[in-house]
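Subject: Structure handover

Hi,

Here is the structure I promised to pass on.

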Amino acid sequence: MKDISIFGLGTAAIGRPEYINIRQEPNERCSLSSFEKKGLALLQFAFDKGIRYFDTAPGYGMAEQLMIKWIKNTPSNSLEIASKWGYTYTADFKTNAKIHEVKEHSIEKLNSQWNVSKTLLPSLKYYQIHSATFETQVLNNDSVLNRLSELKDKYGLVIGITTTGFNQVEVFEKAVNIEKNGNRLFDLFQITYNIFDQSFGSLLHKTKDPKLKIVVKEALANGRLFPNNQFKHYQNTYKSINRLAKIYDVGVDAIALRFCIDSIPAFKVLSGASKTEHLISNLKAANFKLKPDEIEELQTHAVNPKQYWTERKQLKWN
Ligand SMILES: NC(=O)c1ccc[n+]([C@@H]2O[C@H](COP(=O)([O-])OP(=O)(O)OC[C@H]3O[C@@H](n4cnc5c(N)ncnc54)[C@H](OP(=O)(O)O)[C@@H]3O)[C@@H](O)[C@H]2O)c1
């Protein structure tokens with residue numbers, strides 16, 4: 001295996017069994033204690049494979065608690081943990097829950113979730129607003145912004161936001177210009193970027209600031225990039241990625257992840273696997289590099305961001 005330092009492990013799927021992914025196989029149900037054991041084992045497996053960047057959040061069920069438990073037995077100077085605040089998990093590990101998560105971008109929520117996340121220090125290096133949008137006005141909330149700036153100074157954290165929705169780029173542009181004490185407040189941006197939603201592509205090529213860290217999530221477009229009959233309109237994309245997967249002797253997941261690595265200047269690209277075999281398959285993206293004409297071919301499969309996010313909204317929790 002080549003250098004895998006570009007990869008991070010996202011912990012959403014090990015923290016809660018339910019999400020909006022199009023699954024290749026039905027979600028296996030198990031007791032909460034074996035779910036927890038599996039999650040801890042995956043963290044260790046990823047670490048043993050060389051992964052040092054882990055992304056978590058209190059909104060991901062038990063994920064942040066798993067991280068807290070796991071780092072107690074795995075002290076490592078090289079660990080880099082990113083957590084978030086802003087979502088509360090409410091599904092109680094039930095797929096049929098009416099409400100899976102509740103968003104609240106208030107100073108009270110920041111303070112109460114920080115009180116738990118700070119247990120991850122000193123491995124906690126990155127602290128993000130979970131899904132910053134214009135609707136919650138969080139980027140205009142001075143008490144929140146001042147508190148984040150205080151945490152940045154006191155603990156040496158890199159402060160970030162995660163973005164979601166068709167206007168991700170506009171949210172990025174607003175956030176990247178926010179300053180506190182004469183310095184940019186947000187240096188890390190966890191964005192959705194993949195073969196279908198390439199809205200960040202051209203902008204990031206123009207951004208040459210080495211201090212700006214871009215972390216890619218949803219590289220597999222919530223499973224929509226795996227060839228399946230539910231999405232007839234993506235058959236041409238599926239042909240392209242299947243063809244490349246054959247050439248490089250990897251799965252389509254590795255092609256989708258490699259596209260992100262080769263087409264934008266990413267700091268990390270997240271794998272969200274919860275099964276070891278899926279993580280192994282994802283990490284095969286480290287074994288090859290796409291050629292310029294192959295990247296160009298994949299770039300032609302971008303869809304309109306509004307269409308992308310409308311379709312994503314219709315995916316069901318399962
Ligand atoms: N800030 C936000 O709002 C936000 C939103 C989404 C994600 N994230 C972050 O990004 C991380 C990654 O999330 P993601 O949505 O991008 O995850 P992802 O990599 O697309 O993984 C999601 C699912 O894809 C499945 N998968 C991966 N490789 C596979 C393969 N080879 N064959 C079949 N299935 C495969 C995994 O199944 P198994 O579970 O069975 O392995 C996993 O549950 C999250 O964990 C989280 O940290 C953040």
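Below is what turned up, starting with the ground rules.

This is a predicted model, so to speak of local features a pLDDT of at least 70 is needed, side-chain atom pairs count only at pLDDT 80 or more, and totals for chains, interfaces and linings use all residues. Numbering starts from 1 along each chain as its sequence is written.

**The barrel**

Eight strands form a closed barrel in the order S1-S2-S3-S6-S7-S10-S11-S12, with parallel pairing. Helices (H or I, at least four residues) and strands (E, at least two) are DSSP runs, numbered from the N terminus, and two strands pair if DSSP finds at least two bridges between them. On average, neighbouring strands of this sheet are turned by 30 degrees against each other, direction ignored. For that angle, axes are lines fitted to C-alpha atoms (for helices over the stretch in contact), and angles run from 0 to 180 degrees between N-to-C directions.

Strand S1 (residues 7–10) runs parallel to strand S12 (residues 268–271), and three bridges join them. Across that pairing, Phe 7 has Val 269 as its bridge partner, and Leu 9 has Ser 271. S1 is also joined by three bridges to strand S2 (residues 53–55), again parallel, where the bridge partner of Leu 9 is Phe 54. Both faces of S1 are covered: Phe 7 and Leu 9 are buried on one side, Gly 8 and Gly 10 on the other. Here buried means 20 or more other C-beta atoms within 10 Å of the residue's own, exposed means 12 or fewer, and partly exposed is in between, with C-beta atoms placed from the backbone.

Strand S10 (residues 186–192) is mostly covered too, with six of its seven residues buried. Four bridges pair S10 in the parallel sense with strand S7 (residues 158–162), including the one between Thr 162 and Gln 190. To strand S11 (residues 213–217), S10 has five bridges, also parallel, and Ile 191 stands opposite Val 216 there. S10, helix H7 (residues 201–206) and S11 make a right-handed β-α-β unit (with the strands pointing away from the viewer, the path from the first strand over the helix to the second runs clockwise).

**The ligand**

Around the ligand there are 29 residues, and Gly 10, Ala 12, Thr 162, Gly 272 and Ser 274 come nearest (near means a C-beta atom, placed from the backbone, within 6 Å). The shell divides into six nonpolar, 18 polar and five charged residues. Nonpolar covers Ala, Val, Leu, Ile, Met, Phe, Trp, Tyr, Cys and Pro, charged covers Asp, Glu, Lys and Arg, and the others, Gly among them, are polar. Helix H1 (12–15), S12 and helix H10 (276–283) each supply at least two shell residues; H10 has the largest share, three residues.

In helix H4 (residues 107–117), Leu 110, Gln 113 and Ser 117 are buried. They sit on the same side of H4 because they cover an arc of only 80 degrees around the axis, taken from the directions from the helix axis to the C-beta atoms. Glu 108 and Asn 115 are exposed on the other side of H4.

Glu 135 is in the loop between strand S6 (124–129) and helix H5 (142–155), and is exposed because it has 10 other C-beta atoms within 10 Å.

Cheers
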